[in-house]
Amino acid sequence: MAKIDKKAFPFSKQWLDDRLALTTVMKVLNTEYWIPKNINFLWAMGMVLAATFGVLVISGIFLLMYYVPTVEGAFDSVNYTIMTEVGYGWLWRHIHGIGASLVFLIIYIHLFTGIYYGSYKRGREMIWISGMLLFVLFSAEAFSGYMLPWGQMSYWAGMVITNLFSGGSLEAYSFVEWIRGDYVPAQAFLGRFFMLHVFLLPLIIIATIVFHFATLRLPHVNNQEGKEVDFDESARLWKEGTVESRKKSEVIPFSPVFLSKDIFVMGVYFILFFYLVFYNFDFAMDPVNFDPADGLKTPAHIYPEWYFLWSYEILRPFSKDVGLIAFAVAQVALFALPFIDRSPNVAPASKRGLFKYWFWTLLVIMIALTALGKLPPTDPVFAAMGLVFAVAFLLMGPALYIITKFEKKIEEGA
Amino acid sequence: MKELKIFGVVAFFSLLTYYLVEPYAHHAMHAKFDAQGNEIKIESHGFVYDGTTEAAASAVAISDLEYKIGKEKDAKLKASLEKKLTLAKDVQAKKATFWKEVATIGQLTGNAKAGEAAFASCTGCHNGLNMNMGGVIPPNLDHAGALYDENYLIALLKDPAMASNVDHKYADTMLHPMGSIKGTMSHQQIADVVTYLKEKKAAEPTAKTAFMEACVRCHAMRYDKVTQLGDIPKTKENIKTGHDIDAMKYAQKVAEEQATLAGYMGKLPPDLSMIIRARSEHFMETFIEDPQTQLPGTSMPRVGLSEAGYEKVHEYLMDIGDPSKPARDMAGPWVLGFFFIFTILAYLWKSHQWKDLH
């Protein structure tokens, strides 16, 4: 056993340090967790996401107290009990709905930031992969949550998405039934997705968030120029403590300096968040889902929430089997980004030649796919555009490989 | 400043995406087109009933058929389309004549006293007793003068199926439950009864009363404990058995009424507790003004609400379907104010922390 100061007063600083190494923990996680100084507000998106996840957990706990996971009771427990009878139930529901939508907006901003600044390679591969894992987990969490109000869109989205598991021409309908626990989405289906949404997936998400934080520790956070910072030297300069040495240091401690900026960005973000909660929440609560689930009445348009639209549109324009394969490729393609990108440079896209155009093209393609995913494919113009952009998305992978293969190394100081 | 530029780029792409998946996609999804691909704009006419929507619908149907006939090569199909065209033109002419006659009756001066006497024969059915007659419960008319448009009431007394724009439903053998009135009243009598309703049955209803008189015989409102038979009566359970026999009996009565109604309408009309969240404002307005514009062929009759009547019904739908609105309006500014101050303080703290760093 380690040396312990036997005279230390119980729960005093010394006493806790002897047992928990509290001072060291605070240093490692806060005051001596070094972040590069050369960053912009996009570097706050991680903490904004953590805060949004916290808000989702808290609002979810309140909703869980009154939600009834049965096909007879679900719709009314959400739309009547929570909205009418529970004090401020509407507020928790709006926060949960808006949070679910905004968390994806921030995830996408976070993700495109990573791509733009090349923060996924040269030692940062695991940050990217764990982040993509979180994206998939959040997607599953969002989808399972969308089933719970048991409205028309819950039911039919559940029908369409579980149908995908029949594997096109494989016609594995028994597999689909196994997932649903019934021939169609019904009680077993709702119960399963309820369990996934409120227990298993949040548990895995929390563990993966911890893992995502851990992956940052060794390679450190990237900076605006992609510069390789000498963290030891900069940390030494910071700890010297004079104004001059701190100016010279290229890093800041996570707490309080980096955090002070994060919290300011969070403030701005929560103004938007609560503006939407009070005054513009319809976009996060689709009108179709205010009609109770009805297995005999297919809605005219079935579409997922906005954050799934781009991958949905990759599925749609092709024939059944090709669409499924394209869809599957699109789901995993981004995981492989660090290995497709062959460039030696970690630098913002603006400095990386053709990669700059690749980045903006990818953004435009994904926004176009998002829009087309909701537009009626019965319109021949939309259908044709859907096909063009879906093919373009799939070609972006090989294009990246070729572009980055020939990318010139940027000399230090250039 | 660089950060503001970056923020501008992020905001631009976020708002662009929002515009595309929300206003633009919803517009594209709900747009209606004629056979030539021209968009048909469905607009509200201020709850005035003079045959305008019928005329517009006929015009589209006729031009669609003419376009299809022009393109059809198969002689047999062409002949059947031409038959449809003749029918459509018949309907157009019939409706135009009907609404012209309604306008003529509108010119007459009605006598409320004479109208009251004639109205006595109406109370045989319109008695508020919740008795199903011919498929549906006749509506209570206590506030009819305030709820319904004058022209509509005239049209209804002249020919109920035409007025409610569901004449296609009764084209063959089926009889409108109020169809016996057709052609039995003189124009002067119609004017008298409508004048009577407009003068003596025109007390302003509450929002709920408006719904109860105009909608409830078909549409339940379970979030307000309202069924097709009206408010659910308070009953007591037997404390020894835990069963509430009166509630069971009432539930059975409702189930029977719903079965009759569903048989008559083709399906059970939906509960409207959440309809205000499920449909847009524009849909509600145009649909209630004339259900055929949004759902061609629907068996829902036009109920003939005036603008004031619609506003009452709408108010009730909002009360039940979106009850948190007052609380939102109250709490919103406080929460936003809190975050404004929070953000200002956070900015000051941040400036302090970053003061000497560069």
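This is a predicted model: local features need pLDDT of at least 70, side-chain atom pairs count only at pLDDT 80 or more; totals for chains, interfaces and linings use all residues.
Figure 1. At 22% relative accessibility, A:Gly131 counts as partly exposed, because buried would require a value under 20%. This glycine belongs to helix 6 of chain A, which covers residues 125-147.

Figure 2. An unreviewed UniProt entry carries the annotation "domain: Cytochrome b/b6 N-terminal region profile" for residues 12-225 of chain A. In the model, residues 12-225 of chain A are 71% helix and 1% strand.

**Figure 3. Chain A as a whole.** Chain A contains 17 helices and two strands. The C-alpha trace of chain A spans about 70 × 60 × 45 Å along its principal axes. Of the 414 residues in chain A, 52% are buried. Among contacts in chain A with a separation of 6 or more, 77% are made by residues 24 or more positions apart. The accessible surface of chain A amounts to about 19100 Å², and carbon and sulfur atoms contribute 70% of that area. Chain A carries 32 positive and 33 negative side chains. The centres of these two sets of charges lie 11 Å apart.

**Figure 4. The two assigned domains of chain A and their contacts.** The domain assignment divides chain A into domain 1, residues 32-302, and domain 2, residues 314-414. Between the C-alpha centres of domain 1 of chain A and domain 2 of chain A the distance is 23 Å. On the side of domain 1 of chain A, 26 residues take part in contacts with domain 2 of chain A, where 30 residues are involved.

**Figure 5. The cis peptide bond between A:Ser255 and A:Pro256.** The peptide bond that joins A:Ser255 and A:Pro256 is cis, with omega about 5°. A:Pro256 is placed in helix 12 of chain A, which comprises residues 254-279.

**Figure 6. A:Glu171, a residue with positive phi.** Although A:Glu171 is not a glycine, its phi is positive, at about 50°. A:Glu171 is located in the loop of chain A that runs between helix 7 (152-163) and helix 8 (173-180). With a relative accessible area of 48%, A:Glu171 is partly exposed, since a residue must be over 50% to count as exposed.

**Figure 7. B:Asn130, a residue with positive phi in chain B.** B:Asn130 is a residue other than glycine, and its phi is positive, near 60°. The loop that holds B:Asn130 lies between helix 4 (112-119) and helix 5 (144-147) of chain B. The relative accessibility of B:Asn130 is 36%, which places B:Asn130 in the partly exposed class.

Figure 8. A:Ala368 is part of helix 16 of chain A, residues 354-374. A:Ala368 counts as buried because its relative accessibility is 16%. Between A:Ala368 and A:Tyr307 there are 61 residues of sequence separation, while the C-alpha atoms of the two lie 12 Å apart in space.

**Figure 9. B:Glu22 and its contacts with chain A.** Helix 1 of chain B, residues 2-30, includes B:Glu22. A relative accessibility of 15% means that B:Glu22 counts as buried. When neighbours within four places in sequence are left aside, B:Glu22 is in contact with A:Phe283 and A:Lys374.

Figure 10. In an unreviewed UniProt entry, the annotation "transmembrane region" covers residues 6-25 and 331-349 of chain B. Residues 6-25 of chain B are 100% helix and 0% strand in the model, with end C-alpha atoms 27 Å apart. For residues 331-349 of chain B the content is 100% helix and 0% strand, and the end C-alpha atoms are 27 Å apart. The domain assignment of chain B gives domain 1 (1-30), domain 2 (112-323) and domain 3 (331-358). The C-alpha centres of domain 2 of chain B and domain 3 of chain B are 55 Å apart.

Conventions. Residues are numbered from 1 along each chain as its sequence is written. Chains are lettered from A and ligands numbered from 1 in the order in which they are written. Side-chain values use heavy atoms; hydrogens and water are left out. Helices (H or I, at least four residues) and strands (E, at least two) are DSSP runs, numbered from the N terminus. Buried means under 20% relative accessible area, exposed over 50%, partly exposed in between (1.4 Å probe, protein chains only). Contact means heavy atoms within 4.5 Å. Accessible areas come from the Shrake-Rupley method with a 1.4 Å probe; for residues, only the protein chains shown count as cover. Lys and Arg count as positive and Asp and Glu as negative; His and the chain ends are not counted. The place of a charge is taken as NZ of Lys, CZ of Arg, CG of Asp or CD of Glu. UniProt positions are given in the numbering used here, feature names are shortened, and annotations may be inferred rather than shown by experiment. Domain bounds come from an automatic or database domain assignment.
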